[in-house]
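Thank you all for coming. Please take a moment with the sequence and the model before I start talking.

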Amino acid sequence: MNFFTQEFLVQLITSAICSMAFAVIFRVEQRHLVHTGIIGMLTYFVYYTSLYFGMPLFVASFASTAFAAVYAEVY
C-alpha cells in the first residue's frame, strides 16, 4: 500500500477547499483564507498519517485536533 496515492492527493486538496468554504461561510477575512486552507490540509495530513501508521481512530483524531489547536495558537 503506497502512502502517496492520487486519491490521497485529491483528499488533501478537497480538505483545503472545504476548510476555505467554511471560512467563507463564517465570514473570515480574505487575508486569512490561505492559512485556513493550509491548516485544513495539514490537519488532514496528520490524521491520514496517523491512521496509516496504525494508530487507533481516537488517537488519530486527537493528534490532528491537537495539531490544529497548536497551529491556531501560534498563528
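I will go from the overall fold to the aromatic residues and then to one serine.

What you see is a predicted model, in which local features need pLDDT of at least 70 and side-chain atom pairs count only at pLDDT 80 or more, while totals for chains, interfaces and linings use all residues. Residues are numbered from 1 along each chain as its sequence is written, and side-chain values use heavy atoms, with hydrogens and water left out.

The protein chain has three helices and zero strands, where helices (H or I, at least four residues) and strands (E, at least two) are DSSP runs numbered from the N terminus. Of its 75 residues, 25% count as buried, that is, under 20% relative accessible area with a 1.4 Å probe, protein chains only.

Turning to the rings, the structure holds 14 aromatic pairs, a pair being rings of Phe, Tyr or Trp (its six-membered ring) with centres within 6.5 Å, and stacked if the planes are under 30 degrees apart, edge-to-face if over 60 and tilted otherwise. The centres of Phe8 and Tyr48 lie 4.2 Å apart with their planes at 25 degrees, so this pair is stacked. It links distant parts of the chain, as Phe8 sits in helix α1 (residues 6–25) and Tyr48 in helix α2 (residues 33–52), 40 residues apart. Both Phe8 and Tyr48 are buried, and both belong to one aromatic cluster whose members include Phe3, Tyr44 and Phe53.

Finally, Ser50 is also in helix α2, and Ser50 counts as buried because its relative accessibility is 8%.

Terms used: Buried < 20%, exposed > 50% of the residue type's maximum accessible area, 1.4 Å probe, protein only.
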